[in-house]
Amino acid sequence: MKPVLPFFVILLLLTLFISCDKEAKDDVYPEIKMDCCGGFPLNCDEVDRGSSFTFVAQFSDNEELGAFSLDIHNNFDHHTHSTDPVPYEPEPIKDPVNPFRLIKEYPIPSGMTSHLAEVEINIPADVDPGDYHLMVRLTDKAGWQTLKGISFKIR
């Protein structure tokens with residue numbers, strides 16, 4: 001009688017190896033470009049209270065984009081998470097009274113590998129003027145995330 005168990009173990013391992021090998025792997029981070037295609041705002045830009053502006057950026061991924069989020073918050077304490085090498089001259093440190101704050105996620109249509117994001121942002125007239133950060137988080141369908149941070153001023 002021949003041992004059947006080793007044959008089935010080898011067959012099982014071979015099947016697992018082949019099925020894992022065929023699995024698509026997206027291990028590339030998505031890309032954010034803000035210095036193209038009329039991108040706005042860029043590092044050191046200024047916007048006025050009581051006005052609106054259009055956030056513009058180009059997103060791309062090797063497989064498929066997922067969603068992006070915008071986070072605008074004050075930088076009155078001079079913390080940093082800017083990813084832009086352009087130097088930025090902050091105003092003196094101050095305490096916030098009525099700072100502008102925006103945190104919102106935006107879907108990207110399914111199947112897209114490239115997307116021009118355009119979002120209208122309204123700045124209320126009564127918010128504190130001063131230094132602010134804009135953080136852009138872009139996630140692809142595989143879950144990889146890229147972060148872009150800039151500093152700008154609200155006047």
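Is R155 buried, exposed or partly exposed? In this predicted model, R155 is partly exposed, at 39% relative accessibility.

**Figure 1. Overall fold of the predicted protein chain.** The protein chain has one helix and eight strands. Their order from the N terminus is α-β-β-β-β-β-β-β-β. Of the 155 residues, 36% are buried. Among contacts with a separation of 6 or more, 77% join residues 24 or more positions apart. The accessible surface is about 9400 Å². Carbon and sulfur atoms contribute 58% of that surface.

**Figure 2. Salt bridge between E91 and R155.** The two side chains meet with an N to O distance of 2.6 Å. This pair links distant parts of the chain, 64 residues apart. E91 lies in the loop between β4 and β5, and R155 in the segment after β8. Salt bridges with shared partners join E46, E91, D131, K153 and R155 into one network.

**Figure 3. Salt bridge between E91 and K153.** The closest N and O atoms are 3.8 Å apart. Here the partners sit 62 residues apart, with K153 in strand β8 (residues 145-154). The loop that holds E91 runs between β4 (65-74) and β5 (102-107). E91 is partly exposed, at 22% relative accessibility. K153 counts as buried because its relative accessibility is 8%, under the 20% cut-off.

**Figure 4. Salt bridge between E31 and K33.** The side chains of E31 and K33 meet at 3.8 Å, N to O. E31 is partly exposed, with 38% relative accessibility. K33 is also partly exposed, with a relative accessible area of 38%. The model has six salt bridges in total.

Methods:
Residues numbered from 1 in each chain as written. Predicted model: local features only at pLDDT ≥ 70, side-chain atom pairs only at ≥ 80, totals over all residues. Heavy atoms only, no water. Helix = DSSP H or I, 4+ residues; strand = E, 2+ residues; numbered from the N terminus. Buried < 20%, exposed > 50% of the residue type's maximum accessible area, 1.4 Å probe, protein only. Contact = heavy atoms within 4.5 Å. Areas by Shrake-Rupley, 256 points an atom, 1.4 Å probe, with all protein chains shown as cover. Salt bridge = Lys/Arg side-chain N within 4 Å of Asp/Glu carboxyl O.
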